[in-house]
Amino acid sequence: MITKEELVAFEMDIAEVFATGVIRAPVHLRAGREEMLIKIFKDHHIGDDDYVFGFWDSHELALLKGVPPQELKQAILDGKSISLCFPQYKVLCSGIVGSLMGAAAGVAWALKHQQQKGRAFLFCGDMSSETGIFHEAVKYVTNFDLPAVFIVCDNGVSVMTDTRAAWGSSDPWFKGTKYESKIIYFKYTNGYPHSGLGKLIKF
Ligand SMILES: Cc1ncc(C[n+]2csc(CCOP(=O)(O)OP(=O)(O)O)c2C)c(N)n1
């Protein structure tokens, strides 16, 4: 499996390329959660049969799922960083908040009822986990015990808004509920700005 150092180096390489202005599309870099992501992939033996759903910040997920770094880099250079899709690797991402929770639940339903191997793993941010569709999807996969896991990577903010202040709660809504059985939650501090490099890139 790809190492923490390789994940860090990949994002640093993309940051350098992005700074030159050749990528004419948004890029969301992440640092500080590599060890947790590696642990989750290892602990759950996420492999070829499994589906990984992600959002605008999914470089690391694609690498951990087995997308070759050069193939991933080319997709990013082509402007697809926020919506990376590699169906052959079962990696499906979207730049739209809340857009894939239902899809992950649907895939988990199909896998179970078609008696296929594989599970659906959906990785999202803390604000995304407060959306209504996240709640509905988690409720559905919990109540029907579908093979799905929702991983909440909590960096404390939605772009620059404090998530906990926005919802008036010091904890995510699911803390202490039965839905935690389908959720993995961890906190991290992102070493990059939400999007880009925090400075104007001209192209
Ligand atoms: C429907 C929709 N509304 C707004 C946005 C703009 N947007 C992109 S990321 C984001 C913040 C999401 O916060 P969180 O889920 O905590 O993600 P993270 O901080 O981990 O990137 C927003 C509002 C969007 N992509 N889609």
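A nitrogen atom of the ligand lies 2.8 Å from a polar backbone atom of Gly-95, in a model that is predicted. On the side-chain part, an N or O atom of Ser-128 is 2.6 Å from an oxygen atom of the ligand. Ser-158 has a polar side-chain atom 3.5 Å from an oxygen atom of the ligand. Such a polar contact is a pair of N or O atoms within 3.5 Å. Of the ligand's own 580 Å² of accessible area, the protein covers 71% (Shrake-Rupley method, 1.4 Å probe).

Around the ligand there are 14 residues, of which Arg-30, Trp-56, Gly-95, Ser-128 and Val-157 come nearest; a residue counts as near if one of its heavy atoms lies within 4 Å. By class, this shell has six nonpolar, six polar and two charged residues, with Asp, Glu, Lys and Arg counted as charged and Gly among the polar ones. The ligand takes up the space of the largest pocket (an open set of points on a 1 Å grid over the protein atoms alone, with protein on both sides within 12 Å along at least five of seven lines).

The protein as a whole has seven helices and eight strands (DSSP runs of at least four residues for helices and at least two for strands). Its radius of gyration is 17 Å, close to the 17 Å from the globule rule for 203 residues, so the protein is as compact as a globular protein of that length. The radius is taken over C-alpha atoms, and the rule is 2.2 Å times the number of residues to the power 0.38. Along its principal axes the C-alpha trace spans about 50 × 40 × 25 Å.

Residues are numbered from 1 along each chain as its sequence is written, and side-chain values use heavy atoms, without hydrogens and water. In this predicted model, local features need pLDDT of at least 70 and side-chain atom pairs count only at pLDDT 80 or more, while totals for chains, interfaces and linings use all residues.

Methods: Polar contact = N/O pair within 3.5 Å; in protein donor to acceptor, adjacent residues only side chain to side chain. 1 Å grid on protein atoms, 1.4 Å probe; cavity = no way out; pocket = protein on both sides within 12 Å on 5 of 7 lines; lining within 4 Å. Sits in = over half its atoms within 2 Å of the grid points.
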